[in-house]
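Dear colleague,

Please find below the structure that I am handing over to you, together with its sequence. My notes on what was found in it follow directly after.

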Amino acid sequence: MAGAIPLIRAGAMAPFLRWMRENGSPVDALLQDTDLASFAVDDPHQPIPLLSLFRFACLASRIEGPDLPARVVTPSSLSEMGIIGKLAYSGDTIRDALTSVMTALHYHTTHEMILVQPARDGAVVREAWGLRLDDETRHFAQQYVAALIQSLCDPSGTGRPAFARMALVAHPIHGIAHLRRYFGEHVDVARDKTLELQIPSSVIDRPCLPVVSDLPGDRLPPVTPLPHGKDSLIPSARVVVDGLLAHGSPTIEQLAVAAGQSVRTFQRRLAEEGTTFSRLVEDVRRERAMAGLAGGQSPAGEIAALLGYKRQSSFTRAVRRWSGTTPRTIRAKNGRHAEP
């Protein structure tokens, strides 16, 4: 798998996490099993490894049933998903909203493509992934995307099918019959592995009615696009390291899993781009530490803990190695109160 580590904002997990917690499903165990327990998955704006999210959805659906991705979606699901929800509710009509999502999807995820094309009576929405995925994963991913788009088309949750036709990859065991209760009788098997939704003009040209909510996803911080799927490895690897630092010291095994590669392959790719795993982690720690000391309000001990240092003395030695001075001096130079 070439290019960047596939990423997605953790908001994509929000409907799953909410439903599973409400229904007593083993969320913590699944997060641990899919290597997501070290990420801030309850922060909808936090980037997380996309392949880990796919594994989480597959394992959860094997436990709860092949219709789980459709079942977890409610009329308010988009509003709890952060950036993508804001984009979805940014247009005057549902067509405008889907077009906004299409053009700014790189703020939410890498490797996913959505195309909204005009049709004689409405529009055709196609969604695909620039990744090699097995049919089970594609089925769950496409089912989930279709359910989210249907929730945008039917914000009242009446249950009326929004699509004149829907085509997706069949589940390798269960097929597609389990989806007709959610999407109507016009559900077919996709011929080219691509999700296709035919939305009539009576639906897609309706006014877009946002769901009012005070969920965390409504508070949108400044965000930047995620590293492009065809970019080099290092920018996306830095994003993953940054997300892991809050829960301890990242391991190369964690990054290799996020990249869908063996440790040896991942090490070789880093070497091809002129770095090593230890240097990558050191660079991210240094940048976060120096930015926190120069411009933040947090005590040095708190910054050290957030960067995975168990002792402040270790953090002080690292800062001296990077800058030739101490955290106290950096704070003083920038007009910040120096902690005793």
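In this predicted model, the aromatic pairs come to a count of five. One of them is formed by Phe16 and Tyr144, whose rings are tilted, with 4.9 Å centre to centre and 55° between the planes. This pair links distant parts of the chain, since Phe16 belongs to helix 1 (residues 14-22) and Tyr144 to helix 7 (residues 135-153), 128 residues apart. Phe16 is buried, with a relative accessible area of 3%. Tyr144 is buried as well, at a relative accessible area of 10%.

A further aromatic pair consists of Phe54 and Trp129, and its geometry is edge-to-face: the centres are 5.2 Å apart and there is 85° between the planes. Because Phe54 lies in helix 3 (residues 50-64) and Trp129 in strand 4 (residues 122-129), the pair ties together parts that are 75 residues apart in sequence. Phe54 counts as buried at 9% relative accessibility, and Trp129 is buried with a relative accessible area of 8%. Elsewhere, Phe163, Tyr182 and Phe183 form one aromatic cluster.

The next point concerns two helices. The axes of helix 10 (residues 233-245) and helix 13 (residues 277-295) come within 10 Å and cross at roughly 65°; the crossing is right-handed. On the side of helix 10, the residues that meet helix 13 are Ile234, Ala237, Arg238, Val241, Asp242 and Leu245. Their counterparts in helix 13 are Leu280, Val281, Asp283, Val284, Arg285, Glu287 and Arg288. Sorted by class, this contact of helix 10 with helix 13 has seven nonpolar and six charged residues, and no polar ones.

Finally, I would draw your attention to Gln254. Is this residue, Gln254, buried or exposed? With a relative accessible area of 14%, Gln254 is buried, because a residue under 20% counts as such. Gln254 has its place in helix 11 (residues 252-259). Leaving aside neighbours within four places in sequence, Gln254 is in contact with Asp35, Ser38, Leu244 and Ser249.

With kind regards

How values were computed: Residues are numbered from 1 along each chain as its sequence is written. This is a predicted model: local features need pLDDT of at least 70, side-chain atom pairs count only at pLDDT 80 or more; totals for chains, interfaces and linings use all residues. Side-chain values use heavy atoms; hydrogens and water are left out. Axes are lines fitted to C-alpha atoms, for helices over the stretch in contact, and angles run from 0 to 180 degrees between N-to-C directions. Helices (H or I, at least four residues) and strands (E, at least two) are DSSP runs, numbered from the N terminus. A crossing is left-handed if the near helix is turned anticlockwise from the far one by less than a right angle, and right-handed if clockwise. Contact means heavy atoms within 4.5 Å. Ala, Val, Leu, Ile, Met, Phe, Trp, Tyr, Cys and Pro count as nonpolar, Asp, Glu, Lys and Arg as charged, and the others, Gly among them, as polar. Rings of Phe, Tyr and Trp (its six-membered ring) pair if their centres lie within 6.5 Å; planes under 30 degrees apart count as stacked, over 60 as edge-to-face and the rest as tilted. Buried means under 20% relative accessible area, exposed over 50%, partly exposed in between (1.4 Å probe, protein chains only).
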